[in-house]
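I'd like to walk you through one structure, and please stop me whenever you like.

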Amino acid sequence: MNYWVLIGILIIVIGFALKLDSLAVVLFAGIVTALIGAFNINDVLGSLTNGFDTALTTLGSAFVNNRLMSLFFLTLPVIGIGERYGLRERAMTMIKGMKVATSGRILTFYQAIREVAGFFSLRLGGHPQFVRPLVEPMAQAAAEVEGTVDSNLEDEIKGAAAASENYGNFFAQNTFLASSGVLLIVGTLADLGYGEVTASQVALWSLPVAIIALLLAGVQFYLLDRKIKANGKGQE
Amino acid sequence: MVLDFNWNIILEAFYALAGFLLIACGVMVFQDKENKTRFGGSAFWIITGLIFILGGFVGKVDADGVMGAGIPPQVVGLLVIVLGILSAFKQVNMSHFESISNALKEERAAKLGNKVFIPSIVLALSAMLIAQLLPNIMPDAQKGLGGQIAIGLSAVIGLVCVLLLTRSKLSNVVTDSSRLLQQMGPASILPQLLAALGALFTAAGVGNVIGDLLAGVVPGGNLLIGIIIYCIGMALFTIIMGNGFAAFAVITTGIGVPFVIMQGGNPAIVGALGLTAGYCGTLLTPMAANFNIVPANLLETKSQYTIIKYQAPVALAMLVVHIALMYGLCLVF
């Protein structure tokens with residue numbers, strides 16, 4: 001075993017901790033790891049050129065093959081033009097008219113919808129499609145009804161809005177039995193000799209976590225509401 | 001109705017469209033004379049756009065390492081390194097956009113009313129519908145491709161819808177997507193780069209080394225200790241790799257099977273909770289850039305880490321929940 005390949009991980013951890021440029025850190029870590037992986041004590045120069053060639057090939061192929069991760073770029077014009085025509089402002093006006101809507105309740109509701117949709121295999125949600133244009137402005141608007149929102153609190157609401165999307169996405173996706181996560185679990189277990197595990201069993205055992213995640217998030221969002229309320233009172 | 005059709009061509013067309021948006025963004029940056037880093041910035045977006053458009057012509061490397069016909073992937077590798085250098089030297093910065101006054105926005109908002117929500121809703125609903133319907137008409141297509149094609153198609157439908165509804169100038173398609181892209185900055189391609197990092201790590205054998213190390217320190221014979229190490233191992237490995245899927249096979253093989261399932265743990269329960277235990281790590285790591293860092297830029301938070309900080313208490317609580325739940329359920333079932 002060549003334990004030196006773990007240096008790449010160390011580079012990542014240190015790079016992110018020092019808040020260095022993420023893109024450069026990731027690239028540097030990848031290339032160093034590839035070089036070390038190819039390192040051969042008998043032929044240092046030969047293995048370095050080989051390693052560099054492998055690194056470039058792997059990097060290039062993987063970057064091209066993973067273009068699908070950036071396909072959401074195509075949704076940006078729809079959101080951008082919507083915003084030009086007052087999408088965020090309208091979302092805010094709508095929420096300000098509702099007396100029962102608080103930031104926390106909106107976020108809990110969004111996560112619940114996200115989870116139920118996940119259960120029915122509906123691909124609903126996403127930071128660019130839902131959180132930026134609709135959920136976050138609604139949560140901000142509800143907070144403003146309580147009083148002035150300072151910039152720290154505004155930032156916290158942004159974090160909470162993004163979190164409600166992530167919680168709902170991560171912890172509920174496997175409740176649908178044909179989700180890629182369930183297929184991965186069943187496939188891996190079958191490879192390891194546990195072929196008797198079915199997709200519906202995995203989906204069933206994924207349910208408790210989805211419910212608990214909603215409850216825990218509900219508590220966190222309730223605490224956010226209390227903070228917003230206290231903040232509003234303090235400034236009026 | 002079953003269409004005998006090469007959906008990869010459609011997907012390549014969507015990548016090319018995204019590539020043109022990126023190149024247009026680069027041109028806009030170049031035209032902004034007030035932007036001090038306009039050369040570096042426009043180079044960044046144009047190179048990225050070119051990779052998107054020409055990606056389909058890059059030669060594939062097969063399992064034996066034999067290179068197929070096409071552009072050598074090394075060229076893309078070098079270009080990606082150029083992107084990294086531009087980003088490292090802070091060459092990619094926001095250009096200036098004419099700001100739309102709030103009064104004008106409100107006037108427009110009042111005119112359109114709630115109809116302004118229609119394009120967003122159309123975008124989301126059509127993505128969902130297409131993802132449901134596609135498997136019926138493209139049964140042979142590779143798994144997972146359907147979701148991507150659904151995103152592409154729904155984006156086009158949503159765009160047509162928003163243009164019809166607002167009668168907006170066509171040039172706004174470029175201006176507004178470029179505004180959002182620049183807000184995200186270089187981090188917008190971070191998810192793709194992290195996936196490439198995963199490939200580099202795998203090729204160098206990082207996964208095997210970690211699995212080997214972890215398996216070496218776990219004391220056997222105790223279900224609870226096995227479960228604790230397995231869940232924490234899943235979360236830690238996911239924090240490092242940024243991806244629960246990458247962690248799952250390694251950690252389940254190295255720790256899950258010998259120290260949990262072979263101690264009497266129910267494999268269905270261990271598998272189901274194992275993966276979501278990994279997701280507790282996803283909530284905590286900048287490596288999961290598309291969930292934590294890109295949205296932070298998209299929402300214009302003060303720090304890149306605002307979302308991770310907010311998620312930390314729930315992520316840690318959920319990890320404890322996973323350990324308790326897996327132990328309790330494995331004892332009963």
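Helix 13 of chain B is followed by Glu300(B), and the phi of Glu300(B) is positive, near 55 degrees. Keep in mind throughout that this is a predicted model.

Now step back into the helix itself. Is helix 13 of chain B, residues 289-298, enclosed or open? Eight of its ten residues are buried, so helix 13 is largely enclosed by the rest of the structure. The buried ones are Ala289(B), Asn292(B), Ile293(B), Val294(B), Pro295(B), Ala296(B), Asn297(B) and Leu298(B). And what covers the buried residues of helix 13 of chain B? From chain A, the cover includes helix 7 and helix 8. From chain B itself, it includes helix 7, helix 8 (190-204), helix 12 (267-282) and helix 14 (306-332).

Both chains contribute there, which brings me to the interface. The contact takes 110 residues from chain A and 142 residues from chain B. Between them the two chains bury about 11300 Å², and carbon and sulfur atoms give 76% of that. On the chain B side, the residues that lose the most area to chain A are Leu200(B), Leu299(B) and Tyr310(B), together 7% of what that side buries.

Next, the polar part of the interface. There are 28 residue pairs in polar contact between chain B and chain A, counting pairs with both residues at pLDDT 80 or more. If you sort the residues on the side of chain B that touches chain A, you get 91 nonpolar, 38 polar and 13 charged. Five salt bridges run between the two chains. One salt bridge pairs Lys90(B) with Asp21(A), with the closest N and O atoms 3.9 Å apart.

Ser151(A) lies in helix 8 of chain A, residues 151-172. Its side chain makes a polar contact of 2.9 Å with the side chain of Lys302(B). Ser151(A) is partly exposed, with a relative accessible area of 43%.

The other residue is Asn66(A), in the loop between helix 3 (44-65) and helix 4 (76-84) of chain A. Which residues does Asn66(A) contact, leaving aside its neighbours within four places in sequence? They are Gln192(B), Ala195(B) and Ala196(B). The side chain of Asn66(A) also reaches back to its own chain, to the backbone oxygen of Ala62(A) at 2.8 Å.

Back to the charges. Over all chains, the count comes to eleven salt bridges. Within chain A, Arg132(A) pairs with Glu83(A), and their closest N and O atoms are 2.7 Å apart. That pair links distant parts of the chain, with Arg132(A) in helix 7 (residues 127-146) and Glu83(A) in helix 4, 49 residues apart. Both Arg132(A) and Glu83(A) are buried.

Why do we call Asp176(B) buried? Because its relative accessibility is 1%, and the limit for buried is under 20%. Arg84(A) counts as buried too, at 8% relative accessibility.

For another example inside chain A, the side chains of Glu154(A) and Lys158(A) meet in a salt bridge, 3.7 Å from N to O. Glu154(A) and Lys158(A) are four residues apart in helix 8 of chain A, so about one helical turn separates them. Glu154(A) is partly exposed at 34% relative accessible area, while Lys158(A), at 9%, counts as buried.

Here is where we return to the start. Salt bridges that share partners join Glu83(A), Arg84(A), Arg132(A), Asp176(B), Arg179(B) and Glu300(B) into one network.

One last item, from the records. An unreviewed UniProt entry lists residues 7-39, 68-87, 170-190 and 202-224 of chain A under "transmembrane region". In the model, residues 7-39 of chain A are 85% helix and 0% strand, with their end C-alpha atoms 13 Å apart. Residues 170-190 of chain A are 67% helix and 0% strand, and the end C-alpha atoms of that span lie 23 Å apart.

That's my tour, and I'm happy to take questions.

Methods: Residues numbered from 1 in each chain as written. Chains lettered and ligands numbered in written order. Predicted model: local features only at pLDDT ≥ 70, side-chain atom pairs only at ≥ 80, totals over all residues. Heavy atoms only, no water. Contact = heavy atoms within 4.5 Å. Buried area = accessible area lost by both parts, 1.4 Å probe. Salt bridge = Lys/Arg side-chain N within 4 Å of Asp/Glu carboxyl O. Polar contact = N/O pair within 3.5 Å; in protein donor to acceptor, adjacent residues only side chain to side chain. Nonpolar A, V, L, I, M, F, W, Y, C, P; charged D, E, K, R; others polar. UniProt positions renumbered as here; feature names shortened; annotations may be inferred. Helix = DSSP H or I, 4+ residues; strand = E, 2+ residues; numbered from the N terminus. Buried < 20%, exposed > 50% of the residue type's maximum accessible area, 1.4 Å probe, protein only.
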